[in-house]
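Let us read this model one feature at a time.

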Amino acid sequence: MKLDVNALRYLSDDDFRVLTAVELGMRNHEIVPADLINPIAGLKHGGTYKVLRNLLKHKLVHHDSSKYDGFRLTYLGYDFLAIKALLNRGVFVAVGRQLGVGKESDIFEVAAEDGTIMAMKLHRLGRISFRAVKSKRDYLLHRSSYNWLYLSRLAAKKEFAFMKALEEHGFPVPKAVDCNRHCVVMSLVPGYPLVQVKQLQNPETIFETIVGIVVRLAEHGLIHCDFNEFNIMIDDDEKVTMIDFPQMVSVSHRNAQMYFDRDVECIFKFFRKRFNISYECEGSDSDSEESVRPCFSSIVKSTSSLDKELAASGFTRTDQDEMEKFVINPSEPVDCGSSEEEETSDVRCLSLGNVDAAASSLDSMHIGSEFSGDFIKREVSICGSGED
Ligand code: ADP
Ligand code: MG
């Protein structure tokens, strides 16, 4: 999705006030009536409608007059609110080129005042998880609406909490810098995703390091759930960094064993195909791949701690339950596929053209109202102070 932040320079405080009013109104309106935006924004000299026209021109809001005259935020509008809040906090001073396009995110370079380059991940739930949401149609029938912006914000909150906790426990992950709405700022990881790496000096060592990470995660009570060559970065010194945490679950999850085995299988399969690393020895069972594969039940200890620590972090059990209803569909295991398919899907992931299409379909998606009480309070304070 294109992110032209130049428009940020031309947006006034009133523009942001009205944009924030639309965000607030979406707490209980799928489409916020224009008549409601005006009193929420409370512009001293009026002119809400003129401002709305300007926001519409920049594609920050979407106009809908099918039932009544109303507006809702677009992903771009939500991006601008998050970026503005992070600029106000001094987290970064500039947004640069796009670093990557994930399954459900866009990643950009950002620069701090001292010139440090970091990575900003904008979560865009809906690209893939729409399938899972559709399979939960019954659930949705009993709710008035659902909200991709809200789910993206939950994903960011989770990713930030997990990244911080993992770093504190010595896992090789990016440094979590800050988080606002659906946006996470983290340190820039040098190197490339493993899927793009065709040659390694020490493939066996890397393989063991990576399997070691899955095992150590489980010892700490966690499973990555998307642990594969797309979410492992390797730099020129063959240092490994794990990324992408919104789908992680506790080892106490009802499908924990299946998720763990799937993560392990993805790694074994990739290294077998790409680097010809196999543990199958002729005539000997003791060295077979099965016998060297980490075994979930012997790793997981009843005293595992990180998942409990995380439950006490910003990301609550209720947040997790809410996300799972939409995003993770445990009855539908995702096949990690063959390497060839994965390479194709990587190309698809990196193709900006398709992402534009995905983003515009996102924009036209139904979004509704499920903001939590805590969120509303924070947003009100933004409205008042112009910062978060
Ligand atoms: P998704 O959840 O959408 O899969 P990821 O977190 O996996 O998103 O990121 C997608 C891509 O963006 C990665 O494959 C990688 O190329 C790039 N990327 C993500 N985080 C960073 C980072 N901290 N530093 C450098 N590149 C990153
Ligand atoms: Mg990823």
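Q: What is the strand order in the open sheet that contains E9, E11 and E12?
A: Two strands pair if DSSP finds at least two bridges between them. Strands here are DSSP runs of E with at least two residues, helices are runs of H or I with at least four, and both are numbered from the N terminus. In this predicted model, the three strands run in the order E9-E11-E12, with antiparallel pairing. Strand E9 (192-193) and strand E12 (240-242) are the edges, each pairing on one side only. E9 joins strand E11 (residues 232-234) through two bridges. Proline 193 stands opposite methionine 233 in E11.

Q: How are residues numbered and chains lettered, and what pLDDT do local features need?
A: Residues count from 1 along each chain as its sequence is written, while chains are lettered from A and ligands numbered from 1 in the order in which they are written. This is a predicted model: local features need pLDDT of at least 70, side-chain atom pairs count only at pLDDT 80 or more, and totals for chains, interfaces and linings use all residues.

Q: At what angle do the axes of helix H3 and helix H4 cross?
A: Two packed helices are described by the angle and the distance between their axes. Axes are lines fitted to C-alpha atoms, for helices over the stretch in contact, and angles run from 0 to 180 degrees between N-to-C directions. The axes of H3 (residues 34-41) and H4 (residues 48-57) come within 10 Å and cross at roughly 110°. That makes H3 roughly perpendicular to H4 (under 35 degrees is roughly parallel, over 145 roughly antiparallel, 65 to 115 roughly perpendicular, the rest oblique).

Q: Is alanine 82 buried or exposed?
A: Buried means 20 or more other C-beta atoms within 10 Å of a residue's own, exposed means 12 or fewer, and partly exposed lies in between, with C-beta atoms placed from the backbone. Alanine 82 sits in helix H5 (residues 75-89). Alanine 82 is buried because 24 other C-beta atoms lie within 10 Å. Leucine 122 is 40 residues away from alanine 82 in sequence, yet their C-alpha atoms are 9.1 Å apart.
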